[in-house]
Amino acid sequence: MSAGHVLALVLLWCGAAALLLSAAALAVFPTAYGRLHALAPATGLGVPLVCLGLAVDAGAGRAAVKLLAVGALTAVSGPVLTVVIGRTMIRTGEQPAQGTGSGTRPGEPPA
């Protein structure tokens with residue numbers, strides 16, 4: 001096994017771990033805001049690491065450039081979309097699901 005192959009495997013495993021942890025957090029968090037927060041590591045870390053690992057494994061060439069472009073676009077657009085969706089939920093008065101962590105600030109009465 002070459003050093004590039006080992007690096008690609010490490011990047012792929014780290015990206016897959018970030019994606020699986022984000023998926024597990026989706027099942028645990030009870031509110032819409034919590035679930036939205038759980039998706040940030042998937043788009044900001046998981047997918048870019050997987051794309052980087054695949055690009056390292058592909059070697060120099062068009063495939064690697066395309067994979068790096070997809071990873072960069074996901075890393076930039078994912079968190080931006082998360083913020084936009086969260087702000088839209090706040091502006092439209094979207095109420096989080098009832099349960100622990102109802103989305104209110106400490107000292108603020110529930111809506």
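## T74, a buried threonine

T74 comes out at 19% relative accessibility, so it counts as buried (buried is under 20% relative accessible area, exposed is over 50%, and partly exposed sits in between, using a 1.4 Å probe and protein chains only). This is a predicted model, where local features need pLDDT of at least 70 and side-chain atom pairs count only at pLDDT 80 or more, while totals for chains, interfaces and linings use all residues. Residues are numbered from 1 along each chain as its sequence is written, and side-chain values use heavy atoms, with hydrogens and water left out.

T74 is found in helix α3 (helices are DSSP runs of H or I with at least four residues, strands are E runs with at least two, and both are numbered from the N terminus). Its side chain reaches the backbone oxygen of V70 at 2.8 Å. That is a polar contact, meaning a pair of N or O atoms within 3.5 Å; within protein, one must be able to donate a hydrogen and the other to accept it, and residues adjacent in sequence count only if both atoms are side-chain atoms. Setting aside neighbours within four places in sequence, T74 is in contact with T43, V47 and P79 (contact means heavy atoms within 4.5 Å).

## The rest of α3

T82 also lies in helix α3, and with a relative accessible area of 18% T82 is buried. Here the side chain of T82 goes to the backbone oxygen of G78, at 2.9 Å. The buried set of α3 is A64, G71, T74, G78, T82, G86 and M89, and what covers these residues includes α2.

How does the length of α3 check out? At 1.5 Å a residue, its 30 residues should span 44 Å, and the end C-alpha atoms are 43 Å apart, which agrees (the expected span is 1.5 Å times one less than the number of residues). After α3 comes G93, with a positive phi near 80 degrees.

## α2, with a kink

Helix α2 covers residues 32-58; its 27 residues should span 39 Å at 1.5 Å a residue, and the end C-alpha atoms sit 38 Å apart, which agrees. There is still a kink of about 30 degrees, centred on A42 (the bend at a residue is the angle between axes fitted to the seven residues ending there and the seven starting there).

Just after the helix, G59 takes a positive phi of about 85 degrees. Buried residues in α2 are G34, L36, A38, A42, G46, P48, L49, C51, G53 and A55, and they pack against α1 (3-28) and α3 (62-91).

For α1, the 26 residues should span 38 Å at 1.5 Å a residue; the end C-alpha atoms are 37 Å apart, which agrees. A8, L11, G15, A18, S22 and A25 are the buried residues of α1, and they pack against α2.

M1 lies in the segment before α1. With a relative accessible area of 80%, M1 is exposed. Beyond its neighbours within four places in sequence, M1 is in contact with V6 and L9.

## Cysteines

How many disulfides turn up? A search of the whole structure finds 0, taking a disulfide as a pair of cysteine sulfur atoms within 2.5 Å. C14 is partly exposed at 42% relative accessibility, whereas C51 is buried at 8%.
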